[in-house]
Structure formats: C-alpha cells, structure tokens
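Subject: Structure handover

Dear colleague,

I am passing on the structure below, together with an account of what was found in it. Please look it over before reading on.

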Amino acid sequence: MGTREEPVRLFGNREALSAALHQADPDIVLQAAAFEIVTRGVESITIPEAVLREFGQPVTNRTFRYEDMLYAGGRFVNHWGGNASVPDMSRLETRLWFYFLVTRYIDAGGSRRFHFGQSG
C-alpha cells in the first residue's frame with residue numbers, strides 16, 4: 001500500500017476476523033464506519049497511488065494533509081478535542097480520505113454496508 005506506517009490502528013486484524021465470520025456464516029453482511037472526525041494521525045498515512053489516480057490528482061509520494069480537510073474559518077476545528085476536527089466534505093483532501101477509508105474496508109473484508117454518521 002505504500003504507507004509510512006501501516007494503519008493497523010484503523011484496520012487491526014479485520015482481514016482475519018472477516019474471513020472467520022464469513023466462514024462461519026457466508027451470508028453475513030459486515031458494516032464499516034467512517035465518521036465525522038479526522039485527527040492529525042492522517043498525516044502518517046501515505047495516500048496510495050490508486051486513490052490519487054481515481055481523483056485525477058498527480059501521483060506523488062505524500063501523506064494526507066489534516067489541515068486541508070478542515071473547514072475554512074475554523075468552523076468545527078478541534079470540535080472533538082485538540083487536533084480532532086470535523087472534516088469538510090466539500091474539500092478534496094477529505095474526499096480522498098473517505099475514499100481511502102471505504103476502499104480499505106472493502107479490501108480488508110468485503111464490507112457491504114457503510115455508516116457515515118453525519119458526514120454525508
């Protein structure tokens with residue numbers, strides 16, 4: 001995937017757990033969540049080339065940019081505490097982040113339901 005630090009915190013052992021659940025019940029539907037919060041931790045995750053291409057962005061070796069996900073004028077900045085803000089979906093960086101999250105969940109275990117909280 002090309003991350004500086006594999007986002008184990010985000011996905012843990014989801015692949016193994018998903019496989020075990022589907023073995024026990026092939027019809028089970030897994031749900032994932034991408035809520036209305038972003039932290040500075042995103043700055044440690046490199047944006048995969050496929051995500052950049054999907055959005056027509058130049059392929060570069062860079063991480064997600066926390067500041068570029070925030071509302072202009074400070075609205076909802078630090079809403080969830082220091083360096084934990086509500087991301088602005090109208091910003092490209094936020095859409096890159098959510099696309100990355102959802103595709104990772106799909107790749108890690110076939111989630112077919114997604115809960116976006118109030119982000120949508």
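A salt bridge here is a side-chain nitrogen of Lys or Arg within 4 Å of a carboxyl oxygen of Asp or Glu. By that criterion the side chains of Glu93 and Arg62 meet in a salt bridge, with 2.9 Å from N to O, and the two residues belong to distant parts of the chain, since Glu93 sits in helix 4 while Arg62 lies in the loop between helix 3 and strand 3, 31 residues apart. Both Glu93 and Arg62 are buried. Please keep in mind throughout that this is a predicted model.

As for the overall picture, the protein chain has four helices and four strands, which follow one another along the sequence in the pattern α-α-β-β-α-β-α-β. Of its 120 residues, 35% count as buried, and the chain exposes about 7,000 Å², of which carbon and sulfur atoms supply 51%. Among contacts with a separation of 6 or more, 64% come from residues 24 or more positions apart.

The structure holds five salt bridges. One of them joins Glu67 to Arg40, whose closest N and O atoms are 2.4 Å apart; Glu67 is in the loop between helix 3 and strand 3, whereas Arg40 is in the loop between strand 2 (38-39) and helix 3, 27 residues away. Glu67 is partly exposed at 43% relative accessible area, and Arg40 is likewise partly exposed, at 32%. Through shared partners, salt bridges join Arg40, Glu43 and Glu67 into one network. Another pair is Arg53 and Glu49, with closest N and O atoms 3.2 Å apart, and because these two residues are four apart in helix 3, about one helical turn separates them.

Leaving aside residues up to four places away in sequence, Met69 touches Val38, Val42, Phe64, Pro87, Asp88, Arg91, Glu93, Thr94 and Trp97.

Finally, Thr63 lies in the loop between helix 3 (49-54) and strand 3 (84-85). With a relative accessible area of 13%, Thr63 is buried, and a polar atom of its side chain lies 3.1 Å from the backbone oxygen of Glu43.

How values were computed
Residues numbered from 1 in each chain as written. Predicted model: local features only at pLDDT ≥ 70, side-chain atom pairs only at ≥ 80, totals over all residues. Heavy atoms only, no water. Buried < 20%, exposed > 50% of the residue type's maximum accessible area, 1.4 Å probe, protein only. Contact = heavy atoms within 4.5 Å. Areas by Shrake-Rupley, 256 points an atom, 1.4 Å probe, with all protein chains shown as cover. Polar contact = N/O pair within 3.5 Å; in protein donor to acceptor, adjacent residues only side chain to side chain.
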